[in-house]
Amino acid sequence: MTRGYFITFEGLDGSGKTTQLRLLDASLTAAGHKVVSLRQPGGTVLGDRIRGILLDSRSEDSLGPIAPATEMALMFADRAQAIAEIIEPALTVGNIVLCDRYTDSSEAYQGGGRQLGSERILAMHAAACGNLQPDLTILLLPSLEASLRRARRRNQRHTQQQGTDENRFERESDEFYRRIYEKYEEIAAREPRRVLPIRDEATIDQIHTRILEVIAARLPSVTA
Ligand code: TMP
């Protein structure tokens, strides 16, 4: 059986990556592909618990400040579990796997934002993930200013509507987000074959069409 295809979506909070992932899942599924979608952190029972600790701004009230290295290790604990439980089994049976964030997020947020540096993240990726790399990464990178505006709006809405608080990262400073943005740029420049940056602010449908075209060019079984 041919191995499946592993696609990740990356970008700052509010970049629109989750919307694009859902659209791609729907298009590929409608075309008869077997698609498995997940998000990080989360996606497994263990991962959802880790997500609760990492993203809830109230966690630090009860647990105390989370050290950057702890944050990194928890992200990778989540990822190792998702690979073992979901990603690797799905790829083995030939499915297309769509993952909302992956190791590039750790490199950008913990490596760049928290200033741990890329080397530590990549070493952790080798140790915890056996270096499993996506075949393709869609990096949604509209301007920093636009992304920040969207992230703040989205998070306020989320907290008001659902009573849940995924605010811990969004409380960070603009400088934190600037470092993340620059690290994403660095990753895209380093790995141009894997990472497809989409910088323009086209409509949701236009971006979706573009993503489908890129995947069709790489996967003969997919038509745009
Ligand atoms: P999201 O589900 O809305 O994308 O939010 C996940 C948050 O977690 C986002 O602020 C980025 C952050 N994150 C990291 O800092 N490192 C990681 O490795 C991952 C997967 C997410």
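About 60 Å³ of space lies in the largest cavity of this structure, which is a predicted model. A search of the whole structure finds one cavity of 30 Å³ or more. Its lining is made up of Tyr102, Thr103, Asp104, Glu107, Leu122, His125, Gln133, Pro134, Arg190, Glu191 and Arg194. Sorted by class, these lining residues comprise five charged, three polar and three nonpolar ones. Helix 5 (103-113) and helix 6 (118-129) each contribute at least two residues to the lining of the largest cavity, and helix 5 provides the largest share, namely three residues.

Helix 5 also carries Gln110. With a relative accessibility of 1%, Gln110 falls under the 20% limit and therefore counts as buried. Apart from its neighbours within four places in sequence, Gln110 is in contact with Pro68, Glu71, Met72, Met75, Ser105, Gln115, Leu116, Gly117, Ile121 and Phe169. One of these contacts, Gln115, sits in the loop between helix 5 and helix 6. Gln115 is exposed, its relative accessible area being 57%, and it has a positive phi of about 65° although it is not a glycine.

Arg101 lies in the loop between strand 3 and helix 5, and its phi is near 80°. Arg101 is buried, with a relative accessible area of 10%. For context, most residues other than glycine have a negative phi, and most peptide bonds are trans. A cis peptide bond is found between Gln40 and Pro41, with omega about -10°; Pro41 belongs to the loop between strand 2 and helix 2 (45-55).

Five strands form an open sheet in the order 2-3-1-4-5, with parallel pairing. Its edges are strand 2 (35-39) and strand 5 (195-198), each of which pairs on one side only. On average, neighbouring strands of this sheet are turned by 20° against each other, direction ignored. Helix 4 (residues 68-92) packs on the sheet and touches strand 1 (5-11), strand 2 and strand 3 (96-100). The direction of helix 4 makes about 155° with that of strand 2.

The individual pairings can be followed across the sheet. Strand 2 and strand 3 are joined in the parallel sense over five bridges, and Val35 has Ile96 of strand 3 as its bridge partner. Strand 3 is also joined to strand 1 by five bridges, again in parallel; here Phe6 stands opposite Val97. Strand 4 (residues 136-140) runs parallel to strand 5, and four bridges join them. Within this pair of strands, Leu140 stands opposite Ile198.

How enclosed is strand 3 by the rest of the structure? Five of the five residues of strand 3 are buried, so this strand is largely enclosed. Both of its faces are covered: Ile96, Leu98 and Asp100 are buried on one side, and Val97 and Cys99 are buried on the other.

The largest share of the lining of the second largest pocket, three residues, comes from helix 7. By class, the lining of this pocket divides into seven nonpolar, four polar and four charged residues.

Helix 9 (204-218) is followed by the segment that holds Val222. Val222 has a relative accessible area of 5% and is therefore buried. Which residues does Val222 touch, not counting those up to four places away in sequence? They are Leu28, His33, Ile215 and Ala216.

Technical notes: Residues numbered from 1 in each chain as written. Predicted model: local features only at pLDDT ≥ 70, side-chain atom pairs only at ≥ 80, totals over all residues. Heavy atoms only, no water. Pairing = 2+ DSSP bridges. Axes fitted to C-alpha atoms, helices over the stretch in contact; angles between N-to-C directions. Contact = heavy atoms within 4.5 Å. 1 Å grid on protein atoms, 1.4 Å probe; cavity = no way out; pocket = protein on both sides within 12 Å on 5 of 7 lines; lining within 4 Å. Points joined across faces, edges and corners; volume = space filled by probe spheres on them. Nonpolar A, V, L, I, M, F, W, Y, C, P; charged D, E, K, R; others polar. Buried < 20%, exposed > 50% of the residue type's maximum accessible area, 1.4 Å probe, protein only.
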